[in-house]
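Me: I would like to learn how to read a model like this one. Can we go through it feature by feature?

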Amino acid sequence: MNRTHKDWIIDNILYVDYWKNSSWFSIEDAINSLGSDFIFYKSSPGFISDWRWYKDLDSSNSSLFNEFAKEKYLKNLHNFLDYRIVNKERTVEENLQLLNLAKRIRELISDYLDTPTELFLNSVIDELSNLASIIKTFSELTFESLDCYINCLKDFKKGNSKFNFTHFHKWWGRGNHVLTFIKSKN
């Protein structure tokens, strides 16, 4: 961790305007932004296992390396949710569904913070429940953490002021990514 806990909490939890209004910029977006001028090389955390034979690789076409990296990113997107586990790859379609749901939840939470009504809170709970049902298909541990949070939201809605975050407080994603690119010779 390169910052104090206090700074991290201020930046990521208390400084709501940052995450509410910041644009979505994914690893796929980074690869697309650099285009054919740069070739994706490595990342931390590493999400690419490349079992292709070196003679099958076409080094004259740098975009093939970037396309491969984007595909691997999308197939491993679910592994960024929980640092405690690494799951097998899923299909791009499955993870795009997960990504779209996460974006929808982010929008709903932003709406709720602007207009804290029961309607928005119910929508957040419903979409989190949809997310939990998807997560349960590949990670019981992550599901338990999210389910715990959903139950706390339901308690909050009932007016309870004491929450039992037994499983939720252990859940952290892989939120910091370091990418390395190589300048293309093109």
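Me: What share of the contacts in the chain with a separation of 6 or more comes from residues 24 or more positions apart?

Reply: This is a predicted model. Of the contacts with a separation of 6 or more, 61% are between residues 24 or more positions apart.

Me: Which elements make up the chain, and in what order?

Reply: There are seven helices and two strands. Read from the N terminus, the order is α-α-α-β-α-α-α-α-β.

Me: How many residues does the chain have, and what percentage of them is buried?

Reply: Buried means under 20% relative accessible area. Of the 186 residues in the chain, 30% are buried. The chain exposes about 12200 Å², with 54% of that supplied by carbon and sulfur atoms.

Me: Which residues of helix H3 are buried?

Reply: H3 covers residues 27-34, and its buried residues are Ile 27, Ala 30 and Ile 31. These three lie on the same side of H3, because they cover an arc of only 95 degrees around the axis.

Me: Is Lys 70 buried or exposed?

Reply: The cut-off for buried is under 20% relative accessible area. Lys 70 has 10% relative accessibility, so Lys 70 counts as buried. This residue belongs to helix H4, residues 62-75.

Me: Which residues does Lys 70 touch, leaving out those up to four places away in sequence?

Reply: Lys 70 is in contact with Glu 28, Ile 31 and Asn 32. Of these, Ile 31 is one of the buried residues in H3.

Conventions. Residues numbered from 1 in each chain as written. Predicted model: local features only at pLDDT ≥ 70, side-chain atom pairs only at ≥ 80, totals over all residues. Heavy atoms only, no water. Buried < 20%, exposed > 50% of the residue type's maximum accessible area, 1.4 Å probe, protein only. Helix = DSSP H or I, 4+ residues; strand = E, 2+ residues; numbered from the N terminus. Arc of directions from axis to C-beta. Contact = heavy atoms within 4.5 Å. Areas by Shrake-Rupley, 256 points an atom, 1.4 Å probe, with all protein chains shown as cover.
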